[in-house]
Amino acid sequence: GFLEGYYYDPRIDKELLAGHAKGLVVLSGCLKSEINQLITAGDVKGATRLVMEYRDLLEPGSFFLEIMDHGLEKQKQVVKAMLEIHEKTKLPLVATNDCHYANKEDHAAHDARLCIATGRKLADTQRLTFESHEFYFKTGAEMAKIFHFAPEAVANTVRIAESCALEIPMKTSMPRFPTPEGLPEEVYLERLTREGLKRLGRDADPAYLERLAYELGVIKKMGFSGYFLIVWDFIKHAKENGVPVGPGRGSGAGSLASYALNI
């Protein structure tokens with residue numbers, strides 16, 4: 001989706017979805033979804049056909065008809081149609097809530113943030129704004145009250161959450177830097193930074209040596225030695241060939257190791 005289907009947002013097509021359907025739980029989506037766009041256009045039959053198409057693409061029991069209620073008229077239209085489609089297809093309902101801020105009282109702050117993001121003012125009448133104050137993280141009790149007519153939809157929210165078991169390994173995966181003489185990356189990085197201190201006339205200063213040793217220890221522990229060498233390599237190439245390089249930002253760019261490497 002990010003590499004081949006990006007258009008404002010990452011996207012995939014139905015062929016890719018079908019090819020990777022195993023283990024997925026898929027919901028029919030919000031007002032902007034393909035299915036709901038048909039419903040709000042008055043084509044419930046077309047939406048039903050599309051629902052069946054998604055059902056057949058996916059594993060049995062893994063496609064859910066999503067219902068939302070933030071007090072919007074179009075959502076009421078969608079909920080009514082989804083209940084009809086549910087009766088016809090027997091596909092399960094699931095109640096969800098679009099969350100853009102934590103608490104209901106955060107609406108004003110969120111509205112101000114939208115103005116900042118779009119370069120508009122609160123007084124502007126023709127600007128992006130949310131139509132209700134219901135886009136906050138609701139409690140289970142609030143959701144049960146809103147969807148009192150479909151308790152199974154709220155139960156399915158919990159069912160889906162409990163069925164999900166995704167573990168993303170938290171580890172870095174950096175490319176290796178080809179060091180001279182096959183030296184370990186951390187050894188070569190230390191050599192370069194110490195040469196940098198010498199160039200700066202600080203190679204005998206205990207404070208600088210202590211600070212550099214600390215930073216190199218952190219870099220090694222994080223597995224970032226190769227990363228620093230890669231950045232050093234392309235910055236060095238740029239400076240030697242008259243290519244402008246911009247100022248860095250943050251703790252990495254402000255480190256003594258970066259300064260010693262002439263990054």
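Trainee: Which residues lie nearest the centre of the largest pocket, and how many residues line the largest pocket?

Mentor: Please keep in mind that this is a predicted model. The lining of the largest pocket consists of 18 residues, and those nearest its centre are Leu31, Lys32, Leu72, Glu131 and Phe135. The volume of this pocket is about 460 Å³.

Trainee: Which helices each supply at least two residues of that lining, and what is its make-up by class?

Mentor: Helix H2 (34-40) and H4 each supply at least two residues of the lining of the largest pocket. H4 gives the most, with three residues. By class, the lining has seven nonpolar, six polar and five charged residues.

Trainee: How is the second largest pocket to be described, and which residues lie nearest its centre?

Mentor: The second largest pocket holds about 320 Å³ of space. Its lining has 16 residues, of which Ile219, Phe228, Ser251, Gly252 and Ser255 lie nearest the centre. The elements giving two or more residues to this lining are H9, H10 and helix H11 (256-260). H9 gives the most, with five residues. In terms of class, the lining of the second largest pocket divides into ten nonpolar, four polar and two charged residues.

Trainee: Which residues line the largest cavity?

Mentor: The lining of the largest cavity comprises Gly29, Cys30, Leu31, Asn36, Glu66, Ile67, Met68, Gln75, Val78 and Val79. Strand S2 (63-67) and helix H4 (73-89) each contribute at least two residues to it. The largest share, three residues, comes from H4. Six residues of this lining are nonpolar, three are polar and one is charged. Leu31 is named among the residues lining the largest cavity and is also one of those nearest the centre of the largest pocket.

Trainee: Which residues line the second largest cavity?

Mentor: The second largest cavity is lined by Glu190, Arg194, Leu209, Leu212, Ala213 and Leu216.

Trainee: At what angle do the axes of H8 and H9 cross?

Mentor: The axes of H8 and H9 cross at roughly 155° and come within 11 Å. Angles over 145 degrees count as roughly antiparallel. H8 and H9 are therefore roughly antiparallel to each other. Their crossing is right-handed. The contact is made by Glu186, Leu189, Glu190, Thr193, Arg194 and Leu197 of H8 and by Tyr208, Leu209, Leu212, Leu216, Ile219 and Lys220 of H9. The residues of this contact divide into seven nonpolar, one polar and four charged.

Trainee: How do H8 and H10 pack, in terms of angle and the distance between their axes?

Mentor: Helix H8 (residues 185-199) and helix H10 (residues 225-240) pack at an angle of about 50°, with their axes 8 Å apart. H8 and H10 are therefore oblique to each other. H8 passes H10 in a left-handed crossing. On the H8 side, Glu185, Glu186, Tyr188, Leu189 and Leu192 meet Ser225, Gly226, Phe228, Leu229 and Trp232 in H10. The residues of this contact comprise six nonpolar, two polar and two charged.

Trainee: How close do the axes of H3 and H4 come, and at what angle do they cross?

Mentor: The axes of helix H3 (residues 44-57) and H4 come within 11 Å and cross at roughly 50°. That makes H3 oblique to H4. The crossing of H3 and H4 is right-handed. Val44, Ala47, Thr48, Val51 and Met52 of H3 make the contact with Ala81, Glu84, Ile85 and Thr89 of H4. By class, this contact has six nonpolar, two polar and one charged residues.

Technical notes
Residues are numbered from 1 along each chain as its sequence is written. This is a predicted model: local features need pLDDT of at least 70, side-chain atom pairs count only at pLDDT 80 or more; totals for chains, interfaces and linings use all residues. Side-chain values use heavy atoms; hydrogens and water are left out. Axes are lines fitted to C-alpha atoms, for helices over the stretch in contact, and angles run from 0 to 180 degrees between N-to-C directions. Helices (H or I, at least four residues) and strands (E, at least two) are DSSP runs, numbered from the N terminus. Angles under 35 degrees count as roughly parallel, over 145 as roughly antiparallel, 65 to 115 as roughly perpendicular and the rest as oblique. A crossing is left-handed if the near helix is turned anticlockwise from the far one by less than a right angle, and right-handed if clockwise. Contact means heavy atoms within 4.5 Å. Ala, Val, Leu, Ile, Met, Phe, Trp, Tyr, Cys and Pro count as nonpolar, Asp, Glu, Lys and Arg as charged, and the others, Gly among them, as polar. On a 1 Å grid over the protein atoms alone, a cavity is a set of points where a 1.4 Å probe fits but cannot get out, and a pocket is an open set with protein on both sides within 12 Å along at least five of seven lines; lining residues have an atom within 4 Å of a point. Grid points are joined across faces, edges and corners, and a volume is the space filled by probe spheres set on the points.
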